[in-house]
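Please view the sequence and the model below before reading on.

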Amino acid sequence: MKLKYYSILLFFICFSSFGQTDDCTLGIGGKDTETIINVFQLDDEQLVKMEAWIQELKKTNEVIEEQIDVLLEKHPQSTEEELRVLAEKFKPLRAQIIANSKIYDQKLLGILNEKQYQRYITLCTEAMRRPLKGLISEDAQPE
């Protein structure tokens with residue numbers, strides 16, 4: 001029972017640090033979508049694009065989330081060493097979800113007008129985070 005508690009604790013520790021970086025991320029598709037819309041006063045065209053990207057991101061991450069579910073379900077978690085191995089296997093999956101999220105944040109930033117982007121820069125500065133550069137075209141490479 002005690003070991004099961006540690007595996008659950010490990011899982012939540014991994015997810016509690018999810019997305020915590022020096023980068024100033026928006027978290028498109030997360031729980032703050034309404035906040036993003038209101039803070040940046042997105043117009044109808046921007047909203048349509050953002051909604052499409054949210055769906056793309058969900059689809060992209062679905063496969064990774066399934067891999068995480070299988071890993072948590074099937075990986076042995078009886079010893080401290082097994083939990084360490086589980087955490088190491090989890091790290092690249094978590095990193096891929098974070099990278100995917102960052103790409104879609106950059107896509108949204110790429111369609112902000114100058115005033116909206118300046119607001120983003122101001123908020124990042126206040127939060128002591130490094131602003132991302134927006135992706136201008138669909139085939140542009142993320143930073």
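At 35% relative accessibility, Glu56 counts as partly exposed; the terms used here are buried for under 20% relative accessible area, exposed for over 50%, and partly exposed in between (1.4 Å probe, protein chains only). The model is predicted, so local features need pLDDT of at least 70 and side-chain atom pairs count only at pLDDT 80 or more, while totals for chains, interfaces and linings use all residues. Residues are numbered from 1 along each chain as its sequence is written, and side-chain values use heavy atoms, with hydrogens and water left out.

**Overall architecture**

- The protein contains five helices and two strands, where helices (H or I, at least four residues) and strands (E, at least two) are DSSP runs numbered from the N terminus.
- Along the sequence, these elements follow the order α-β-α-α-α-α-β.
- The protein has 143 residues, of which 31% count as buried.

**Nonpolar core**

- A nonpolar core is a set of buried Ala, Val, Leu, Ile, Met, Phe, Trp, Tyr and Cys residues joined through side-chain atoms within 4.5 Å.
- The largest such core has 19 residues, and those with the most contacts inside it are Ile28, Leu42, Met50, Leu108 and Tyr120.
- Two or more residues come from each of helix 2 (33–40), helix 3, helix 4 (80–110) and helix 5 (114–126).
- Helix 3 gives the most to this core, contributing four residues.

**Salt bridges**

- Side chains of opposite charge can pair when their charged atoms come close.
- The structure holds seven salt bridges, each being a side-chain nitrogen of Lys or Arg within 4 Å of a carboxyl oxygen of Asp or Glu.
- One of them joins Lys102 to Asp23, with the closest N and O atoms 3.1 Å apart.
- This pair links distant parts of the chain, since Lys102 lies in helix 4 and Asp23 in strand 1 (residues 23–24), 79 residues apart.
- Asp23 is buried, at a relative accessible area of 10%, and a network of salt bridges links Asp23, Lys102 and Arg130.
- Glu56 forms a salt bridge with Lys107, and their closest N and O atoms are 3.8 Å apart.
- Here too distant parts of the chain are linked: Glu56 belongs to helix 3 and Lys107 to helix 4, 51 residues apart.
- Lys107 is buried, with a relative accessible area of 10%, whereas Glu56 is partly exposed.
- Arg84 pairs with Glu80 in a salt bridge whose closest N and O atoms are 2.5 Å apart.
- Both Arg84 and Glu80 lie in helix 4, four residues apart, about one turn of the helix.
- Arg84 is partly exposed, with a relative accessible area of 44%, and Glu80 is exposed, at 54%.

**Helix 3 and the surface**

- Glu62, Glu65, Glu66, Asp69 and Glu73 form a negative surface patch.
- Patches are made of residues with over 30% relative accessible area and no salt bridge, with like charges joined within 9 Å and nonpolar side chains (Val, Leu, Ile, Met, Phe, Trp, Tyr) within 5 Å.
- Asp69, a member of this patch, is found in helix 3 (residues 44–74) and is partly exposed, with a relative accessible area of 48%.
- Gln67 also has its place in helix 3 and is partly exposed, with a relative accessible area of 40%.
- The C-alpha atoms of Gln67 and Leu93 are separated by 7.9 Å, although these residues are 26 residues apart along the chain.

Notes
Areas by Shrake-Rupley, 256 points an atom, 1.4 Å probe, with all protein chains shown as cover. Lys, Arg positive; Asp, Glu negative; His and termini not counted. Charge placed at Lys NZ, Arg CZ, Asp CG, Glu CD.
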